[in-house]
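Open the model in your viewer and keep the sequence panel beside it. The tour goes from one selection to the next.

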Amino acid sequence: MSLIYKLKTAQPTFLHGVHDYLGEIQPFAERVGNPLLKVPMVALKSLEWAIYRWHKTPIRRFYGVKGNELIYMITNACNDRCPKCAIWERPESRAERLSLERFLVCLRRLHQNLYQVTLTGGEPLLFKKDVLAIAEEAHRLDVPMVTITNGRFIDQEFLETYKNFGHILVISVDSVQRDKWNEFRGRKNFDIVMPKILLAREILGDRLRIQSVLSVESEAEVEKVIEWCRERRIQHNTQMYQDFGTTFWRSTATPQQMVEDPTPCAARKNICVYPNGDIVKCFDHRRIPVAKTPLGNIADQDIIEILSSKRSVEVSRAMKTCNLPCKSMSCNKPQVELFK
């Protein structure tokens, strides 16, 4: 099902509606194998499309109400130099960054479809004011939000403001031992960040989460992190290591073992935004042949038009059976699988 939305003045035109209709009906007709059933099935499908496309309610559907996660990689820049990650090696320039207002417009347009908005990076709190502005808007729109951070820039003022919005903060921790922490982060900031994590636990309570990346290099340390969290009643999630453009860490599972994991990839319901505003279904989007390029860019396009396009529907359909190893990433997993 393509994105269904309430039509308003100055929103997509009649011609856009025609493209939306053909983008859904033509592939559907091709899947009807029996020639005798093609006409009645297309007629029923057209009726379904028309009901939801023109139905005058405030509900907007994209694979179901509240069925999507909006994930914003707010920046590639980071203050850490983790050997597990190469994102920080490619920071965007100021001119390349999407304006805050354009992302807020995207959030407002989609909020009825979202069960969650997630801010990641790089290090999101390099743009702390933007994070809090998004958190405030998400709270106003009644959309739960998650911010994933290395913890370096959190402080009491930020935590108390963030708590008032009722959102979740996830801090990345791969070791609770000073030497290993500093090695894994590429910065000697253990003594700076650890007290901030404890402060976050005190202020945020059960809205604080810890996430670790499991690799050959971190395996022994992650077990200690899990125990540390258990003692402090902090929910923890372990994410399998994936290649972020570096080969300094090694996965504990082979790509074949990851593929054989029966858990389906949830990424086709993701709406991912790069720092420059490019829209993809997941951050491994380009590994899928039909998805080599972004679906569009919200700097100059409406997000609903992007998601309603024929190509967006085709990419979502291709991802229904996507079984790449990256499905083990937290952003590609069903929410029920996280933070047990």
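Predicted model: local features only at pLDDT ≥ 70, side-chain atom pairs only at ≥ 80, totals over all residues.

Residues are numbered from 1 along each chain as its sequence is written, and side-chain values use heavy atoms, with hydrogens and water left out.

**Cysteines.** A disulfide is a covalent bond between the sulfur atoms of two cysteines. Here it is counted as a pair of cysteine sulfur atoms within 2.5 Å, and the structure holds 0 of them. Select Cys85 and Cys82: the closest cysteine sulfur to that of Cys85 is in Cys82, 6.6 Å away, which is too far for a bond. Next select Cys272, which is buried at 0% relative accessible area. Buried means under 20%, exposed over 50%, and partly exposed in between (1.4 Å probe, protein chains only).

**Strand E5.** Select residues 208–214, which form strand E5. Strands (E, at least two residues) are DSSP runs, numbered from the N terminus.

Within strand E5, pick Gln211. Gln211 is buried, with 11% relative accessibility. Its side chain makes a polar contact with the side chain of Asn237, at 2.8 Å. A polar contact is a pair of N or O atoms within 3.5 Å; within protein, one must be able to donate a hydrogen and the other to accept it, and residues adjacent in sequence count only if both atoms are side-chain atoms.

Now pick Ser212, also in strand E5. Ser212 is buried at 0% relative accessibility. A polar atom of its side chain lies 2.5 Å from the backbone oxygen of Val173. Beyond neighbours within four places in sequence, the residues in contact with Ser212 (heavy atoms within 4.5 Å) include Val173, Asp174, His236 and Asn237.

Terms used: Helix = DSSP H or I, 4+ residues; strand = E, 2+ residues; numbered from the N terminus.
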